[in-house]
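The following paragraphs lead the reader through a protein structure, from its helices to its sheets and then to the meeting of its chains. Please keep the structure in view while reading.

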Amino acid sequence: MNLSRLCFLPVVMFSLWVMPGTALPADDQALFQKGVNAGISNQTDFAFSYFDMIVKNHRGSRYYPQALFSSGEYFFRSRAFRDAKHMFRELSNDYSDSELRPFALAYLLRLAKQEGKRLEAKELEKEIVKARQVCLVFKDFKEYSFTSPLNIIYKAQFFIDKVEVYINGRLFEEIPF
Amino acid sequence: MDVFSKKFLFKPRFFWSAFFAAAVLAVVLFTVYFNFLLNNSLPVLEKKLSYLCGIELSVEKVKFVPFNRIVLYRVSSAEFSAQKTGFFAPRVSACYSFKKLLSEKTFSFSSLEIFAPELVVRGFDREKIKHIVRIAEDNKSGGLPVKIKVNQGLVNFFLKDGSFLRLQIDGLAFFDPVKGLEARTGIIWDKNENLSSRFLGKERLQCRFSLVPGRNGAELKNLEIENRNVYLKLWGDLEKTDLKLKGMVSSRPGLWKMNEPENDFLFKDKVSDLKACFKGKAAQVLNGKSSGFNIYDLDCHFRFFQKKTELVSAFFSWNGLPWRIKGEFVPAPVPRICFSGLSYPDQHPELRKSLPRKYDLYAEGAWEEDSFNCSLKLDFLRQTGKSLLPQSLVLDGSRVVVSPGPDKQIELGFASLLMEYHDCDCSYQVLAENVLSSFEPKKTDGFDFFIYFSVYGGRLESSGTVSWDPAQPLYSADLKLSGLAADSASHLIPGFTFSSGSLQAGLKLKADPLPQVAGEVEIRQGCLENMQFLQWLSGFSSIPSLAELNFSRFYFHFLANEQKSAIDKISIESQPLSLTGDFDLYPSQLVSGNISLGFSRTLLELSPKFRKLCKLLKDEDLSVNFDFRLSGLYEAMNFKWLASDFKHDLQKILPGSMEKSMEKKIEAVITSISDRK
């Protein structure tokens, strides 16, 4: 009895060791979908665990920027600001063309203001202003909106002299220039 | 009587009186006889003196003064005048060694004192100087006096170029084989025709020096030169071919009074500083201390070769900034001078790159075919925020002329001067021709200047002032440009390209409190092309003539400092359109501006897109104004068409879908022409 149990032990150990890191390339989509579904169901902790797996194991995935952003959102909401900053910083630095970048910058701006880093905040404000070029012929502003995998609605309104960033319809940051 | 006489005669008192009287009589007789002999042999004496001095001399009278002194009166060269080289001294007193005369039976002078001599030198006659040196060498052991004392002398040098230098010794000057050459309270007076007086001031230059010849060279014990603008003190020694000097130079000579004891000066200075502090002038005192051209630790080494003179090294600190200079002067076949200098010479090259006051300087000049050509290269760093950007300034001048001006100025001229300025990502080049400039030293530290030259078919005039403050040189200048070819000069105006036009501009530069340049630019009868906004307008409106805009007047006012670059009062007067506005560019590369465009109705009707819009206009409307607001990044600006009656009318008749499609099309065009990466 004891011997038979001992025979299974290496198999269990091997499975435990291999499983977390053996997600196949095709799995990133499934993980992301699971995360989105969990986000829609308001199960943010579960959603984060899926996105975190993508961040840790699928660096080259097409879902990587969104997973990174959602991980940052989760950390920000959990008041783990240092981790949140790390996520948003990576997104803004490595994915300059991403539609998520202005919102990642808005989060970083809020964090810099909280930390009292005025120079860094100024630089981030400039980065947000530079993020989009607008041409307003008849409209007063140009709007960019996005719903994150955690089911949070983002909106950025680019006026000729200011940028307003909204999260779930509430003004998050206003950057005059 | 006889008895009385005999007694009296043998008394000691009488004997000594008689002896003294006889001695006096003998001396008087000898003096009279010797004076008679001397005056009789005056022509021989004159010949001997003429031979010794290398010029023909005449002596009016000679007198022997017991016991070892001969005095010559009114010694002068034949026909002494200011027109030719000559010498005049009202009195020359020569002492000979009485001891040598008695013991060795040799006649040799021991000292010579010349009272109030006046020497006129017109050009330097090399043969005459050689002759005097040869005589001095021949008579080293005998005939010539070993101590020479000049009492209140005057030497006038007339140089070949007509300039004039006067050397006046107010006190005594000594030459002694043991003590060396020493001039006390000597004064040089430089007449205003001379060039050096422009640098050093018009009035007299006080000088004191002490030089002792040695076996292999000489020791300069002390050399002090002072006038109202400068104080220089040097000491050191010359050994074979190496001259090593240490010293200081200060543009605040009041602090370094030559005749005042040092401790006295320090005490006085401290008391006045303390007084000023109590009066709330501490800041002024501190500022005053750091101002001016002051070098307190000069340490230089020259080496003389047969064919060149080399400045092996010169170390000094200019108000806290350490420098090292090296260089050489080659007199033949083509006289050439070059030197290189660098700040922070002892720092590691890698560390120097991060020092904001890092300077590398190289300059050279050569006399070629009767003209002096020179070039200068200065590499330095410009601080922008936290980063240091390498900059380079190159000046290349040909046919340089330096001459004294009519008043106190120094005039500097170039046939041509090529000025290049290299920033890290752009460079500017300007060729100035027929450059005339003058520099006038100020009472305080620094100088005023005036510059005039031809450039790009027009001319530039500038006047200003520079103060010597090594920590941050203060300057202010006014520049006036007129008649410049706008096409040639357009690379100096970023953002605009002109293919023709005549440019006028007035600029003001100042460094206090912050470096700033402001001014106005006007171009008349020109053509503007390749302007981003006009290109877009031309493409959007399908009016090709807008891409190259002929205008009658283009004007703008600008201001640039560390905080922003602003262009305001922009105005383009052109037949098809008018443009007015203002534009600010910040160091963050963000912009803010307003532009108002006025199109004539006839121009709008040329465009198939605007033809329909023209129907919206009332009959009396001859033009349409479009007001735009600009913002965002300089390379990718945001545009907004501001509200107007025309826009309102247009919005009323356009369906929503068309508005969106127009907006998208315009955005596509703007994005395509922007430099966004």
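The crossing of α5(A) and α6(A) is left-handed. This description, like the others below, refers to a predicted model. The two helices α5(A) and α6(A) pack at an angle of about 145 degrees, and their axes are 9 Å apart. On the side of α5(A), the contact is made by Phe81(A), Ala84(A), Lys85(A), Phe88(A), Arg89(A), Leu91(A) and Ser92(A). On the side of α6(A), Arg101(A), Ala104(A), Leu105(A), Tyr107(A), Leu108(A) and Leu111(A) take part.

Another helix of chain A, α4(A), covers residues 64-77. Its 14 residues reach 20 Å from the first C-alpha to the last, close to the 20 Å expected at 1.5 Å a residue. Why can α4(A) be called largely enclosed by the rest of the structure? The reason is that 11 of the 14 residues of α4(A) are buried. A residue counts as buried here if 20 or more other C-beta atoms lie within 10 Å of its own. The buried residues of α4(A) include Tyr64(A), Leu68(A), Phe69(A), Tyr74(A) and Phe75(A), and also Gln66(A) and Glu73(A). These buried residues of α4(A) pack against α2, α3, α5 and α6 of chain A. After α4(A) comes Arg79(A), whose phi is positive, near 60 degrees.

The next topic is the sheet of chain A. Four strands form an open sheet in the order β2-β3-β4-β5, with antiparallel pairing. The edge strands are β2 (141-147) and β5 (170-176), each of which pairs on one side only. From one strand to the next, the twist averages 15 degrees. Within this sheet, β4(A), residues 162-167, is joined to β5(A) by 6 bridges, and the two strands run antiparallel. One of the residues involved is Val165(A), whose bridge partner in β5(A) is Glu173(A). The helix α6(A) lies across β2, β3, β4 and β5 of chain A and runs at about 85 degrees to β5(A).

Strand β31(B), residues 577-585, pairs with β32(B), residues 590-600, in the antiparallel sense over 9 bridges. In this pairing, Gly581(B) stands opposite Ile595(B) of β32(B). The hairpin of β31(B) and β32(B) has 4 residues between the strands, and Gln589(B) there takes a positive phi near 70 degrees. β32(B) also pairs with β33(B), residues 623-633, in the antiparallel sense over 11 bridges. Gly598(B) stands opposite Asn625(B) in β33(B).

Finally, how many residues of chain A are in contact with chain B? There are 13 such residues in chain A, and they are in contact with 21 residues of chain B. On the side of chain A that touches chain B, α7 (118-130) and β1 (135-136) each supply at least two residues. The largest share, 3 residues, comes from α7(A). The residues on this side of chain A divide into 8 nonpolar, 1 polar and 4 charged. Strand pairing also links the chains: β1(A) and β34(B), residues 636-641, pair in the parallel sense over 2 bridges. Here the bridge partner of Cys135(A) in β34(B) is Phe639(B).

Definitions and conventions
Residues numbered from 1 in each chain as written. Chains lettered and ligands numbered in written order. Predicted model: local features only at pLDDT ≥ 70, side-chain atom pairs only at ≥ 80, totals over all residues. Contact = placed C-beta atoms within 7 Å. Nonpolar A, V, L, I, M, F, W, Y, C, P; charged D, E, K, R; others polar. Pairing = 2+ DSSP bridges. Expected span 1.5 Å × (residues − 1). Buried ≥ 20, exposed ≤ 12 C-beta atoms within 10 Å, placed from the backbone. Axes fitted to C-alpha atoms, helices over the stretch in contact; angles between N-to-C directions. Left-handed = near helix turned anticlockwise from the far one by under 90°.
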